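Reader: Hi! Could we go through the charged pairs together?
Author: Happy to, let's bring up the model.

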Amino acid sequence: MDDNAEQQPLTAATAYPAAQLAKAFTTALTHEDAGTRRRAEERGQRWRAVLAGMAAGRLTAGSRTPVAGLPAWVTLEVVRGGFATGTASAGGPLQPYETEAARQFGVPAERHALFAHCLTDAGLAWLWARLDSGRYEIGVPEEAALLTMAWLVRHGEPDAALDLAAELEPFAGQLRFLPRPTDGPAPASGAAEADAAVHRYTVSDSVDTLIRRRPNAAVETQREALAVWQPFGDAMLVHWLETARDGQVLELAPDTDWLARGAALLDRYRMLAAAHTRCTKHRNPRQNLGILRGALEETVAGRPLDARRLGLLRHAVDSMVRRRGLPGSAPHTALRQEQARQAALPSHHALAQLMLRRLAELPQDSGIIEVPPLLTPVTEQETHETGLPTGAEVPPVIRQVVESALSAPIGTLVERGVVPSAEVLAELVPQLVAATTALAYGDETLRTLMAANYRAFRNRRSLLLLNLERQVRVEELPWVRAVSGQRAAVLGKPDEQGALTVLRQLGELAVQAFPGTVLPNPLVRELGVLARQCDLGVPFVEELAADIFMGTFSPKFLKSARIAAELLRGTPYERYYGIDYAAIRNLAIAETGEALSRSYGARTSPGFARLCTERAGTASGADSWSVAANGKVIEQAQILTTHNLATLVHRVGIAPQPGWPDLARRCFDTVCRLTAQVHNNKRPLPTIKDAAYAWRQMLFALSLCPPDEQRRFLSTLDEEAARHPAHVRSRLAPALAGLVRTAEGGTFDADGTADGGRARRFLGWSTGPHWMR
């Protein structure tokens with residue numbers, strides 16, 4: 001779940017895991033695909049572990065330390081919903097590399113023995129060699145622990161190394177702290193800029209995708225029809241036309257030579273049918289080729305054709321000639337030449353095998369720096385090696401697989417469609433943040449190690465948390481704490497300007513590339529890391545889950561709302577949503593000057609929670625709890641804080657290009673696109689909520705435009721809406737009327753409507769039927 005997630009206590013903690021177990025069990029028993037059944041069975045085993053652990057008291061759902069006996073820093077196996085299974089990701093049976101290391105070290109194949117060996121001179125020498133060469137991989141953060149300990153020893157910090165070893169030792173027999181040796185060096189820590197190269201997929205990922213490709217049955221069937229059965233059908237037709245006079249077959253009596261060649265045709269047919277089994281149309285006795293073949297078998301056998309079969313034969317011959325012309329004629333020859341050309345084209349499967357040969361020459365654990373050389377047509381040398389025709393083009397479906405592994409600046413990946421959404425953007429950002437964070441360390445080997453550790457840490461799945469607890473941060477890992485002094489000792493302070501540059505570039509990219517899209521929580525988390533590194537002291541707030549919301553907010557929400565008040569006071573955003581930003585400012589000042597309330601040990605902002613509840617029009621207390629009521633309160637928090645947009649603009653200093661008017665227009669396009677999806681949608685509420693968020697971002701961008709641009713934008717909305725289907729215009733009409741009303745100085749009634757309901761404030765959540773449905 002999210003950092004600082006405000007959540008509802010679980011009254012039936014096992015209900016969700018039990019439902020997921022039942023779902024996995026049903027899929028494992030009934031799904032037609034064997035692979036899907038196997039994966040469902042594995043999921044079921046994990047959910048059984050969750051339920052068994054909760055029943056035995058070994059697991060505590062909602063806790064920061066859900067597994068008894070394991071500290072918060074241990075990486076856990078987490079399933080959907082944030083439930084821990086009780087298994088440590090760095091636990092389980094020994095990995096093959098651990099077994100091989102034990103053999104090399106001459107120690108028992110046990111983790112505790114490996115750990116103890118690494119504390120010896122020989123073990124430290126082995127770790128130092130890994131650090132110097134960079135030939136290691138960090139799959140889970142724990143695998144960076146012993147390397148960090150070795151770095152401390154070599155750099156004159158024996159006490160810190162001993163303290164780290166002592167903290168790890170109780171878990172040395174359970175968790176793997178040994179790094180994974182590799183043939184090549186770890187990726188460099190990179191530059192602290194958003195134009196540093198990143199990749200969505202590795203070369204190995206592309207190889208796996210191509211390996212999974214299978215020949216397309218329909219395409220191969222069509223290829224067989226064009227290359228085999230069409231030419232054979234022509235030969236059969238020509239043979240029967242030899243008996244024709246005035247267009248009627250069997251007007252000339254077959255002679256011995258004709259019968260012998262007919263028998264040879266039938267022999268050829270039997271060989272073709274045995275060798276080419278994809279296409280079965282020729283076996284149908286009612287199809288033209290089946291009729292010609294059946295009549296030939298009867299004639300060659302010396303059995304005269306009855307009137308019915310003769311009629312079918314003549315009709316089939318007439319039909320074939322009428323549709324394609326006589327064999328040997330110019331139209332027929334041109335058609336068959338084109339079909340032969342198509343049949344001779346290499347299959348996508350064959351070209352995928354060629355691409356596998358090309359990719360095999362590249363490093364497998366990184367992205368592709370130069371994509372064009374891989375997408376060139378088949379060369380003469382490759383023709384000699386594979387039999388593929390020289391000059392054959394790589395088809396788009398294979399090009400897409402290769403291009404998805406492009407290693408380039410993240411903005412380039414967005415521009416080329418490799419990053420199609422804000423969610424995918426959030427997956428790649430840790431690569432940049434890892435490099436930026438690591439630059440605070442002066443030593444190159446430590447910088448590379450900490451970058452690898454951060455990338456592994458970001459693969460850690462979030463836990464379900466209650467009582468405003470927050471997820472473990474990377475600086476809480478014992479081995480990161482052990483070298484934290486190196487940041488200040490070497491550079492005096494982190495590279496604040498570099499972190500700010502990346503933060504600003506990423507913020508601009510997310511806002512301008514995906515207009516009207518909520519910032520995903522993983523991206524918000526990375527922005528928060530950068531903000532802490534450059535010591536901005538600004539809050540980034542998460543999107544909260546309505547089904548586990550506890551009705552309280554951490555103080556950073558009020559702080560974020562105060563930043564929005566500084567930026568948006570007196571703007572259309574404030575008027576449209578009926579916000580008193582002066583009151584919010586006063587509330588923030590008042591709560592700052594007094595002790596903030598605590599809920600289960602966590603600080604809260606009761607004034608902000610009360611304000612959001614009042615604005616949502618929902619009652620407080622357990623009796624009024626519902627997901628929809630929670631959603632209304634959370635939506636008001638998003639409105640008041642602008643869900644990080646004001647922080648990015650007013651504190652970070654983003655300036656999306658080509659400007660706020662363009663962003664407002666593109667946000668409105670997103671509103672229209674989402675509204676179109678409401679039509680005939682059986683579950684429209686998620687789409688309506690997304691459209692409401694896009695509407696809020698549109699208003700935010702509009703509020704930052706000069707007054708004349710605001711007027712120009714409002715004057716074109718009806719025209720823009722008219723470009724969409726009528727049902728889109730009718731659904732948006734109340735929202736558009738409400739926007740124009742507030743722009744002209746009007747207000748909404750307490751229920752968010754005006755003019756008898758003809759004008760409405762566009763909100764996404766509703767405890768009753770939503771008007772947009």
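Reader: Is Arg 481 buried, partly exposed or exposed?
Author: Arg 481 is partly exposed, at 40% relative accessibility; buried means under 20% relative accessible area, exposed over 50%, and partly exposed in between (1.4 Å probe, protein chains only). A caution: this is a predicted model, where local features need pLDDT of at least 70, side-chain atom pairs count only at pLDDT 80 or more, and totals for chains, interfaces and linings use all residues. Residues are numbered from 1 along each chain as its sequence is written, and side-chain values use heavy atoms, leaving out hydrogens and water.

Reader: Which side chain does Arg 481 meet in a salt bridge?
Author: That of Glu 167, at 2.9 Å, N to O. A salt bridge here is a side-chain nitrogen of Lys or Arg within 4 Å of a carboxyl oxygen of Asp or Glu.

Reader: New topic: which helix holds both Arg 341 and Glu 338?
Author: Helix 13 (residues 330–344), where they lie three residues apart, about one turn of the helix.

Reader: Which residues are joined into one network?
Author: Arg 64, Arg 470 and Glu 476, through salt bridges that share partners.

Reader: How many salt bridges does the structure hold?
Author: It holds 31.

Technical notes. Helix = DSSP H or I, 4+ residues; strand = E, 2+ residues; numbered from the N terminus.
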